[in-house]
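Hello,

Here is the structure I promised to pass on to you. Have a look at it first, and my notes follow below.

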Amino acid sequence: MAFIEIEHLSHVYHAGEEGERRALDDVSLSIGRGEFVAVLGSNGSGKSTLAKHLNALLLPTEGACRVDGIDTREEAEVWRIRQKVGMVFQNPDNQLIAAVVEDDVAFGPENLGVPSAEIRRRVDAALAAVNMTPFRSYAPHLLSGGQKQRVAIAGTLAMQTEAIVFDEATAMLDPEGRAEILSIVKRLHEEQQITVIYITHFMEEAAAADRVVVLDQGHVVMDAPPRAVFSHADELRALGLEVPLAVELRDRLRAAGIALPADLLTETELVAALGRAAESTVAAAGGNAAQERQAEASGHAVERAAGVPAGRGARQQAMPGRAAEKGGDGLGHRA
Amino acid sequence: MGLAIELEDVSFTYLPGTPYERQALKGIHLTIAEGSITALAGHTGSGKSTLLQHIGGLIHPDSGRVCIDGTDLAAHTKQEKRAALAARRKVGLVFQYAEHQLFEESIYEDIAFGPRSFGLAEAEVAARVREAMARVHLDFEAYRDRSPFQLSGGQMRRVALAGVLALHPAYLVLDEPTAGLDPRGRRELLALIRELHAAEGTTIVFVSHNMEDVFAIADEVVVLRQGEILLQGAPAAVFAERERIAEAGLRQPALMRLMTALRAAGVPLGEADAALRTPAEAAAAIARALRGKEGGRHAQ
């Protein structure tokens with residue numbers, strides 16, 4: 001069984017009252033231990049509602065959410081669930097409570113009754129993991145937004161959570177703060193095998209994940225590795241999203257007749273591919289043919305049978321697990 | 001062209017005489033021309049928001065002057081007070097996360113709050129609300145009675161902007177206008193700012209740490225570093241100074257970085273191509289560069 005299992009989950013706000021709203025509608029999703037999953041979707045798509053189910057801040061109206069086999073509706077288990085799944089929210093100013101950084105990090109384990117020597121050890125390790133050791137005795141309000149978010153991450157690490165949910169944790173940060181957080185998230189994922197559920201509006205950040213889940217109006221509409229998801233620029237734009245800059249240029253250049261792999265994803269790949277194209281137009285005889293050989297040689301599938309179904313029926317997600325490995329169109333739609 | 005906003009030797013220190021004393025602005029000289037879109041860019045703590053608050057008259061310099069159309073915003077005598085208030089009312093200030101300040105039960109009431117507090121008659125208030133909603137693309141009939149809290153983040157921010165536009169500011173000053181918005185909200189808000197500028201020639205000053213936004217809409221960039229102006233000029237020229245931009249804790253816009261990297265990788269782009277502002281223009285230039293080279297080879 002996967003670490004997080006979401007089955008036919010619906011969430012209705014203000015059920016039966018005025019302003020009733022179905023924020024999630026029959027969502028099924030499973031997230032394995034150690035995965036790095038980015039969640040994309042425009043405002044109102046249900047991203048934050050989904051996130052809050054993962055540590056029982058919200059409970060399903062219908063369906064179920066299980067964390068490591070525990071149903072989040074089991075009231076007696078709430079604290080156990082929250083030890084397994086930590087949350088880092090958007091606003092750096094709303095998350096820190098203590099007057100000193102290390103006290104803030106110690107707050108969780110103290111509440112669990114962890115022995116003080118063990119707390120000391122955990123706090124030291126957690127602050128080191130987010131590069132905040134030098135700031136241990138600072139008052140949180142003297143930190144930058146990125147530093148505050150790092151302290152919030154340390155707070156969840158000190159609880160020894162197995163998964164961390166980032167609910168637009170970089171939205172209010174400057175570019176440097178954003179880069180800091182993303183690099184720490186990647187490192188925690190790689191070195192400590194922390195399961196990461198990363199909600200973001202920044203497409204470049206999503207491209208760093210192993211898997212991208214796209215929500216629209218409470219439904220999962222795509223679920224695949226970033227390379228497959230970002231092959232569908234028009235569909236993403238129609239959902240109010242964007243694609244990374246390298247992908248946008250890739251599509252425009254392909255439309256202009258420049259041969260590039262259809263699933264090219266990063267700026268590094270784009271620079272390398274176009275650099276080779278420039279070289280080969282000089283070196284090789286045979287023009288376009290040379291460019292095409294070139295693109296094929298770069299190791300990516302040159303063409304991908306695309307076609308994202310638009311209809312409601314297509315919103316059913318292939319489940320459970322990693323859709324791309326299951327054929328279909330590579331986006332988690334049932335073929 | 002009038003000298004709309006002038007800062008003369010402006011210095012400001014937070015919490016003077018305490019252990020937390022911090023000089024946020026150090027002798028800033030800056031003139032913002034009427035009709036321009038000027039971006040104040042800088043790292044967190046560079047002084048950009050403090051500078052913006054001076055332009056909005058929320059705080060006054062410890063030394064130096066901030067003038068709007070030649071009038072000092074800091075009043076010392078009773079007569080000056082009246083002139084300073086009139087000058088300050090020419091500046092419409094849209095705060096960071098302005099939607100957090102919405103408070104009324106309906107969108108109409110929220111936008112009407114400012115014009116009413118300026119003492120306008122109710123008929124004029126109604127006309128201002130209608131016009132401001134049109135300018136931010138919110139249908140008057142459909143939205144007037146709705147609660148602002150049921151809108152998307154991008155729409156809520158547009159309501160907050162409408163509340164400022166309803167005051168008919170000559171100068172529109174925005175602090176991080178796109179922060180926290182989703183991609184669609186961001187795109188719409190940038191388009192809206194450009195539109196306000198194009199339609200009415202409103203002078204716009206905005207603070208941003210998003211260099212993509214700055215590159216997309218500004219025609220003048222002021223880069224601040226530790227309370228001082230490090231660079232100032234047209235975006236293409238300012239961002240071309242890669243090392244000094246890094247010194248300010250900023251990055252070049254992604255498109256400029258990418259075009260520079262492509263040139264270094266041997267794609268025969270011109271130096272000027274690094275200044276292209278949209279992916280469409282950039283793609284056309286790259287395609288031309290690759291074909292041009294090919295064409296040259298065929299001609300041999």
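Of the 335 residues in chain A, 50% are buried (a residue is buried if 20 or more other C-beta atoms lie within 10 Å of its own, exposed if 12 or fewer, and partly exposed in between, with C-beta atoms placed from the backbone). Please keep in mind that this is a predicted model, in which local features need pLDDT of at least 70, side-chain atom pairs count only at pLDDT 80 or more, and totals for chains, interfaces and linings use all residues. Residues are numbered from 1 along each chain as its sequence is written, while chains are lettered from A and ligands numbered from 1 in the order in which they are written.

Chain A contains twelve helices and ten strands (DSSP runs numbered from the N terminus: H or I of at least four residues for helices, E of at least two for strands). One of the helices is α5(A), residues 145-158, whose 14 residues reach 20 Å from first C-alpha to last. That is close to the 20 Å expected at 1.5 Å a residue (1.5 Å times one less than the number of residues). In α5(A), 14 of the 14 residues are buried, so the rest of the structure largely encloses this helix. After α5(A) comes Gln160(A), with a positive phi near 55 degrees.

Now to chain B. Six of the eight residues of helix α1(B), residues 48-55, are buried, so this helix too is largely enclosed by the rest of the structure. Among the buried ones are Leu51(B), Leu52(B) and Ile55(B). Gly57(B) follows α1(B) and has a positive phi, near 75 degrees.

Best wishes
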